[in-house]
Amino acid sequence: MKYDIQVTKTTQSNLPKVDFNNIPFGKVFSDHMFIADYRDGAWTDLRIVPFGPFEMHPANMTLHYSQTIFEGMKASKNQGGVPMLMRPELHSQRLNKSADRMCMPHVPEALFLQALHELIGLDSEWIPSLPGTSLYVRPYMYATDEFIGVRPSETYKFVIFTCPVGAYYSKAVNLVTEQTFVRAVNGGTGEAKAGGNYAASLLPAKLAQAAGYDQVVWMESPEFKKVQEVGTMNLFFVIGDKVLTPSNSGAILKGITRKNFLEILAKRGIQTEERDIFIDEIVEAYMDGTLKEIFGAGTAAVVSHVASLTHNDLKMTLPPLEERKIGNMLKAEIDGLRNGTVEDVYGWLTPIKVAAEV
Ligand SMILES: *Cc1c(COP(=O)(O)O)cnc(C)c1O
């Protein structure tokens, strides 16, 4: 099925103002955005319009009750300059899973994909081409009823905008286990990419930063024995020749980078385990010298190496970055797939079809 998306092009592109050699993350926005309105049980007024602010009613339910969800993905250009997306259908499926938890309507996958293709096709000149750079794509949905009172909204907006982003040089981070606050609990909203989760994570991160750390490792309450995630990324450990990542206990966001990593490792015959991971076994592995790597996994940085992890009085310092075989391999593989220097043996990449071809 092909949706009818109305396109209004900007008369004044901001492209000439952008210094593609120096793009701050998340602050530069492409010329256009996609918007759809949900009312009377259907998505209507599908449109691509010049990027710009929304007018918002003071009683907009999202502002009060946080019925809002999002996705984050990247578009990149291959060696031939063709814009590509990686596994966009997984982002569509996850958005709908988040929507279920937050009592919001689904965006049909065909609509999600067509909107992505048309928007990115139109703004394809905004996709940076220097190594490591990409176009960050932010689809999201929020409640728009003008109403004070707690119930699911009857109207919503689904929006997609994009930001060119520079090569993400993340230095190795110093982490601390968080044993007071929690990000998510079983039965909570941790498995949904929902706005409120991130608001709740700010204070613990701020306190950890004041104490000299970069981020916290979230633990499962109330025992604080099992590890969950790091900041807004999934966690990986390399112990001996095994790669471990916490299982989806219901309080972990199922990252698509995490899924990609597990599939890449499986294809290379590297042993992986998705299971409950106890901080005590990490400490034990550190003590006996088998803890080789810890890293975070997520769309933005792909791999975020951990320099140290502090648990109670023990600061575990990890080996130098050049020895991080697994993390470095995974980042190189994902970056290479995105820029077309690694052959897509997985079938994960989809070329962007410009509007006329969709
Ligand atoms: C988005 C996110 C991730 C990573 O997901 P990706 O799909 O790999 O980007 C991990 N944890 C949390 C809490 C997240 O919000």
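Let's start with Glu 343, in the loop between helix H7 (325-339) and strand E18 (349-351). Helices (H or I, at least four residues) and strands (E, at least two) are DSSP runs, numbered from the N terminus. This is a predicted model: local features need pLDDT of at least 70, side-chain atom pairs count only at pLDDT 80 or more, and totals for chains, interfaces and linings use all residues. Residues are numbered from 1 along each chain as its sequence is written, and side-chain values use heavy atoms, with hydrogens and water left out.

Back to Glu 343. Is Glu 343 buried or exposed? Exposed, at 64% relative accessibility. The cut-offs: buried is under 20% relative accessible area, exposed is over 50%, partly exposed is in between, with a 1.4 Å probe and protein chains only. Glu 333 is 10 residues away along the chain, and the two C-alpha atoms are separated by 9.4 Å.

Next, backbone geometry. Asn 312 has a positive phi of about 50°, although it is not a glycine. Asn 312 sits in the loop between strand E16 (302-311) and strand E17 (314-317). Its relative accessibility is 53%, so Asn 312 counts as exposed. Ser 66 is not a glycine either, and its phi is positive, about 60°. Look for Ser 66 in the loop between helix H1 (61-65) and strand E4 (68-70). At 32%, Ser 66 is partly exposed. Pro 222 belongs to the loop between strand E10 (215-219) and E11.

Now the interior. Nonpolar side chains tend to be buried together in soluble globular proteins. A nonpolar core here is a set of buried Ala, Val, Leu, Ile, Met, Phe, Trp, Tyr and Cys residues joined through side-chain atoms within 4.5 Å. The largest has 40 residues, and Phe 34, Trp 43, Ile 120 and Phe 158 have the most contacts inside it. Which element gives the most to this core? H3, with six residues. Take Phe 158: leaving aside neighbours within four places in sequence, its contacts (heavy atoms within 4.5 Å) include Phe 34, Trp 43, Leu 95 and Phe 112. Another core lies apart, with 24 residues, among them Leu 175 and Ile 294.

On to the rings. Rings of Phe, Tyr and Trp (its six-membered ring) pair if their centres lie within 6.5 Å; planes under 30 degrees apart are stacked, over 60 edge-to-face, the rest tilted. The whole structure has 17 aromatic pairs. One of them is Phe 261 with Phe 295: edge-to-face, 6.2 Å centre to centre, 65° between the planes. Phe 261 is in helix H5 (256-267) and Phe 295 in strand E15 (291-298), so this pair ties together parts 34 residues apart in sequence. Phe 261 is buried, at 0%. Phe 295 is buried too, at 0%.

Last, the pocket. A pocket is an open set of points on a 1 Å grid over the protein atoms alone, where a 1.4 Å probe fits, with protein on both sides within 12 Å along at least five of seven lines; lining residues have an atom within 4 Å of a point. Points join across faces, edges and corners, and volume is the space filled by probe spheres set on them. The largest pocket holds about 940 Å³. It has 40 lining residues; Tyr 168, Thr 232, Met 233, Ala 300 and Ala 301 are the closest to its centre.
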